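Visitor: Could you show me how to read a model like this one, feature by feature?

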Protein chains: 2
Amino acid sequence: MIPSDLENKIMAEKEKGHVPFYVSATAGTTVYGAFDPFDRIADICEKHGLWMHVDAAWGGGLLLSKKHRPKLSGIERAHSVTWNPHKMMNVPLQCSAVLFREKGLLQACNEFCANYLFQPDKQYDVSYDTGDKTIQCGRHVDVFKLWLMWKAKGTCGLELQINRCLENAEYLYKKLKSRDNFELVFPNEPEHTNVCFWYIPPSLQGMPRDKEWNTKLHKVAAKIKAHMMEEGTVMVSYQPLKEKPNFFRMVFSNPASRKSDIDFLLDEIERLGGDLEF
Amino acid sequence: MIPSDLENKIMAEKEKGHVPFYVSATAGTTVYGAFDPFDRIADICEKHGLWMHVDAAWGGGLLLSKKHRPKLSGIERAHSVTWNPHKMMNVPLQCSAVLFREKGLLQACNEFCANYLFQPDKQYDVSYDTGDKTIQCGRHVDVFKLWLMWKAKGTCGLELQINRCLENAEYLYKKLKSRDNFELVFPNEPEHTNVCFWYIPPSLQGMPRDKEWNTKLHKVAAKIKAHMMEEGTVMVSYQPLKEKPNFFRMVFSNPASRKSDIDFLLDEIERLGGDLEF
């Protein structure tokens with residue numbers, strides 16, 4: 001999100017008599033793992049009286065790392081934040097949180113006061129009954145999985161785990177830069193653990209990079225992924241994005257991944273894709 | 001739901017120029033466990049061109065019992081049905097299904113065709129990818145729990161289990177009729193496993209049943225439940241409903257419950273509530 005562009009769009013809508021009320025920024029986008037500039041977005045939201053939400057589903061875990069936390073600077077100014085500990089923090093599916101700055105808001109929005117579900121005349125303090133704050137009623141106690149993991153690993157353990165994943169992303173990034181048959185989608189070091197890249201098979205090298213070349217390159221990742229699935233050796237995502245043909249997206253969230261696994265991944269892509277002809 | 005009343009309301013809205021479009025009937029209401037007359041409701045929906053939904057979250061399990069299935073007669077005419085195998089069928093929380101009669105409708109309503117999530121160029125038939133049919137994206141494979149249970153117990157096993165729960169409800173109903181200190185909320189045999197009743201402590205017996213008496217009776221279930229929780233012997237729900245003061249709602253969903261457990265429940269309520277004074 002480009003703050004100046006956001007503000008221009010708010011102004012344009014206001015001029016038309018519309019009332020913008022909500023901005024949804026992202027901490028860790030799905031494909032690129034990008035972080036929006038939260039402080040500058042918060043300034044704009046404050047100035048125009050807009051609700052600021054941060055979708056930190058994927059990137060929220062970085063708050064546990066002193067080294068990587070600055071990427072989320074300004075998130076504390078948001079009115080609401082979503083965060084999925086089942087993503088970066090390895091809690092088994094599902095474990096999702098939506099956090100609101102204003103205390104009592106969720107209850108005021110969601111409560112039905114159905115006394116056949118949540119009896120007000122219990123022998124304990126019913127303010128601990130959380131049912132009326134949620135959209136769902138009967139549900140699994142997902143937060144228990146996070147609580148147990150936090151108790152077992154500690155804040156330091158989780159920090160080490162997250163730092164390890166980002167180190168792996170950095171290692172892959174450097175390897176990709178140094179290998180001839182691979183090309184990065186972005187020249188810069190990744191902000192999160194998403195590393196996006198193309199494998200260029202020998203048959204596509206040294207050719208003019210025209211529309212036809214792009215069409216051929218688009219098929220490479222899908223073909224290699226199909227081979228991977230058949231052989232069962234590795235598994236890595238791919239997708240196109242806008243005008244960009246299919247590229248691989250390696251995402252690290254398992255801290256047990258080692259450098260040798262990353263070397264193996266690149267070797268395996270070359271092994272499975274080296275003979276591709278078009 | 002009273003069919004004639006439903007039709008009157010539809011007509012009244014149409015006369016005002018409104019367009020009713022949706023009827024939500026219930027198979028197994030939360031408190032009473034009641035079943036709506038689906039065939040007659042379906043007739044009205046057909047006549048007026050309305051979508052018929054059946055909330056069978058709680059009562060849907062009875063479809064597995066040849067004996068109790070007729071209570072849901074007409075549900076097959078619904079356009080959509082919700083069903084929670086985590087309720088009557090003992091699948092661990094959560095396991096919920098929403099079924100639509102028209103094939104392809106959920107996909108048409110929910111699909112985003114986000115090719116960065118669900119790649120269309122895979123090596124297998126992507127019509128098996130269910131992600132684009134659902135509202136959620138990343139989620140736990142809850143249906144696996146149901147599948148495993150079904151494989152283990154078989155359709156016959158599930159039927160026996162459901163019949164057992166309804167037999168227990170019938171046993172409790174008969175016991176309640178035969179014991180002096182208990183009173184049923186409804187005189188009829190329960191349709192589902194919900195059995196709703198009051199315990200009338202000796203101090204409230206033989207007195208005029210006026211407003212004051214109701215206010216006192218209202219406190220009985222809450223006080224006994226609090227004792228139950230403190231002693232940890234049994235646990236049973238209670239709630240008021242409209243003008244009815246707090247009553248107990250025993251619901252059977254565990255087929256391992258035995259008649260001796262039911263006898264114990266009633267003895268325990270008498271033991272914990274026998275001395276209540278107002």
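Visitor: How far apart are the end C-alpha atoms of helix H4 of chain B?
Guide: This is a predicted model, and here the span of a helix can be set beside its residue count. Helix H4 of chain B, residues 143-178, has 36 residues, and a straight helix at 1.5 Å a residue would reach 52 Å. The end C-alpha atoms of H4(B) are only 42 Å apart.

Visitor: Where does H4(B) bend?
Guide: Look at B:Gly154, where H4(B) bends by about 90°.

Visitor: Let's turn to the fold. How many helices and strands does chain A have?
Guide: Chain A has six helices and eight strands. Reading from the N terminus, their order is α-β-α-β-β-β-α-α-β-β-α-β-β-α. The C-alpha trace of chain A spans about 75 × 55 × 35 Å along its principal axes.

Visitor: By what turn can chain B be laid on chain A?
Guide: A turn of 180° does it, with a shift of 0.0 Å along the axis and an RMSD of 0.0 Å. That is how a two-fold axis relates its copies.

Visitor: Through which surface do the copies meet?
Guide: They meet through the same surface, because 96% of the interface residues of chain B are also interface residues in chain A. In terms of contacts, 27 residues of chain B touch 26 residues of chain A.

Visitor: How much area do chain B and chain A bury between them?
Guide: The general idea first: interface size is often given as the accessible area lost when the parts come together. Here chain B and chain A bury about 2,100 Å², with 51% of that on carbon and sulfur atoms. On the chain B side, B:Gln94, B:Tyr116 and B:Gln123 lose the most area to chain A, and together they make up 27% of what that side buries.

Visitor: How many residue pairs are in polar contact between chain B and chain A?
Guide: The count is 10 residue pairs, with both residues at pLDDT 80 or more. Three elements of chain B give two or more residues to the side that touches chain A: helix H5 (211-231), strand S7 (237-241) and strand S8 (244-251). H5(B) provides the largest share of that side, five residues.

Visitor: And charged pairs: how many salt bridges does the rule find across the interface of chain B and chain A?
Guide: In general, side chains of opposite charge can pair when their charged atoms come close. Across the interface of chain B and chain A, the rule finds zero salt bridges. Over all chains, the structure holds 38 salt bridges.

Visitor: With which residue does A:Lys216 form a salt bridge?
Guide: Its partner is A:Glu212, and the closest N and O atoms of the pair are 3.2 Å apart. Both A:Lys216 and A:Glu212 lie in helix H5 of chain A (residues 211-231), four residues apart, which is about one turn of the helix.

Visitor: Now the backbone. Is the peptide bond from A:Leu93 to A:Gln94 cis or trans?
Guide: That bond is cis, with omega near -15°. A:Gln94 sits in the loop between strand S3 (80-83) and strand S4 (97-100) of chain A. In chain B, the bond from B:Leu93 to B:Gln94 is cis too, with omega near -20°.

Visitor: Is the phi of A:Cys113 positive or negative?
Guide: A:Cys113 has a positive phi of about 50°, although this residue is not a glycine. To find A:Cys113, look in the loop between helix H3 (105-110) and helix H4 (143-178) of chain A.

Conventions: Residues are numbered from 1 along each chain as its sequence is written. Chains are lettered from A and ligands numbered from 1 in the order in which they are written. This is a predicted model: local features need pLDDT of at least 70, side-chain atom pairs count only at pLDDT 80 or more; totals for chains, interfaces and linings use all residues. Side-chain values use heavy atoms; hydrogens and water are left out. Copies are superposed by least squares on the C-alpha atoms of residues with pLDDT of at least 70 in both. Contact means heavy atoms within 4.5 Å. The expected span of a helix is 1.5 Å times one less than its number of residues. The bend at a residue is the angle between axes fitted to the seven residues ending there and the seven starting there. Buried area is the accessible area (1.4 Å probe) that two parts lose on being put together, summed over both. A salt bridge is a side-chain nitrogen of Lys or Arg within 4 Å of a carboxyl oxygen of Asp or Glu. A polar contact is a pair of N or O atoms within 3.5 Å; within protein, one must be able to donate a hydrogen and the other to accept it, and residues adjacent in sequence count only if both atoms are side-chain atoms.
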